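I would like to take you through one structure, beginning with a single side chain and ending at the ligand.

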Amino acid sequence: MKLLEIQSSVRQEGSISRSLSNEFVQAWQTLHSETQHQKRDVGLNPPAHPTELWTKANYILPEERSSEMTNVLSESENLIEELLWADRLLLGVPMYNFSVPSTFKAYLDNVVRINRTFSFDPTTYCFQGLTTGKKALIITPSAGNFVVGTPLGSLNFCDTYLRSVLGFIGIEDVIVVPVPEQFMSNKIRQREIATARAKLMKLVTEW
Ligand SMILES: Cc1cc2nc3c(=O)[nH]c(=O)nc-3n(C[C@H](O)[C@H](O)[C@H](O)COP(=O)(O)O)c2cc1C
């Protein structure tokens, strides 16, 4: 089993997504001792945003790229290789302004690439995900309660966006574990953390 853990919270101290991910990884490794675990921290080290040169390089054949173009794509290539290597993805993605942190968006801009993680057939006008055979488990803390299916769930562009973009590249087996109400009273916060932890511990055997 190859487990890629990606953290995108800009916080280290008090980060719920990081602490629950740590607990999950420890329990997972205890049960699946053969697991190879790779960690990517885009919260602390965000990937570079695409640039004009990056975009030009992306849309031409590898053999036609200048050395400058090859260089500018090298971080993206490394991130894609790492993503393709994994068969399980554990993602710590807090809700920031109803969507994903910009650190994680920068990561996605680097890995959602034509002919690398998805393809497009201009004759049939069909897209196809190339990032297949993977499962994703996403831990999504938020200050308020924007869980899909609740009264303010229509404001949750984090859950829906992640499912859409991962599905687009071929990752359709996606589980989201929300951790809402983290700016509420300590009692409510702890209750939500305990609920998320129980779901995660169940997934250690069932995922
Ligand atoms: C820039 C920023 C934007 C945020 N936007 C939202 C939001 O739209 N809705 C919400 O419920 N919480 C929002 N929060 C709160 C975080 O989701 C919450 O603090 C969460 O616990 C952060 O994850 P972490 O504990 O892993 O760092 C925001 C936090 C930051 C830093």
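Let me begin with a polar contact at 2.7 Å, which joins the side chain of arginine 113 to the side chain of serine 76. Please keep in mind throughout that this is a predicted model. Arginine 113 belongs to the loop that connects α5, residues 102-111, with β4, residues 118-121. Is arginine 113 buried or exposed? It counts as buried, because its relative accessibility is 1% and the cut-off for buried is under 20%.

I turn now to backbone geometry. Asparagine 97 is not a glycine, yet its phi is positive, at about 50 degrees. This residue sits in the loop between β3, residues 88-92, and α5. Asparagine 97 has a relative accessibility of 73% and so counts as exposed, since the threshold for that class is over 50%.

Tyrosine 125 likewise has a positive phi, of about 60 degrees, without being a glycine. Its position is in the loop between β4 and β5, the latter spanning residues 126-129. With a relative accessible area of 65%, tyrosine 125 is therefore exposed.

Asparagine 97 brings us to the ligand. Which residues come nearest to the ligand, out of the 17 around it? They are Ser9, Arg11, Ser17, Met95 and Asn97.

For isoleucine 16, a polar backbone atom is 2.8 Å from a ligand oxygen. Phenylalanine 98 places a backbone N or O atom 2.8 Å from an oxygen of the ligand. For proline 141, the distance from a backbone N or O atom to a ligand oxygen is 3.4 Å. As for surface, the ligand taken alone exposes 640 Å², of which the protein buries 79%.

Where does the ligand sit among the pockets? The space that it takes is the largest pocket.

Thank you for your attention; I would be glad to take questions.

Methods: Residues are numbered from 1 along each chain as its sequence is written. This is a predicted model: local features need pLDDT of at least 70, side-chain atom pairs count only at pLDDT 80 or more; totals for chains, interfaces and linings use all residues. Side-chain values use heavy atoms; hydrogens and water are left out. A residue is near a molecule or strand if one of its heavy atoms lies within 4 Å of it. A polar contact is a pair of N or O atoms within 3.5 Å; within protein, one must be able to donate a hydrogen and the other to accept it, and residues adjacent in sequence count only if both atoms are side-chain atoms. Accessible areas come from the Shrake-Rupley method with a 1.4 Å probe; for residues, only the protein chains shown count as cover. On a 1 Å grid over the protein atoms alone, a cavity is a set of points where a 1.4 Å probe fits but cannot get out, and a pocket is an open set with protein on both sides within 12 Å along at least five of seven lines; lining residues have an atom within 4 Å of a point. A molecule sits in a cavity or pocket if more than half of its atoms lie within 2 Å of its grid points. Helices (H or I, at least four residues) and strands (E, at least two) are DSSP runs, numbered from the N terminus. Buried means under 20% relative accessible area, exposed over 50%, partly exposed in between (1.4 Å probe, protein chains only).
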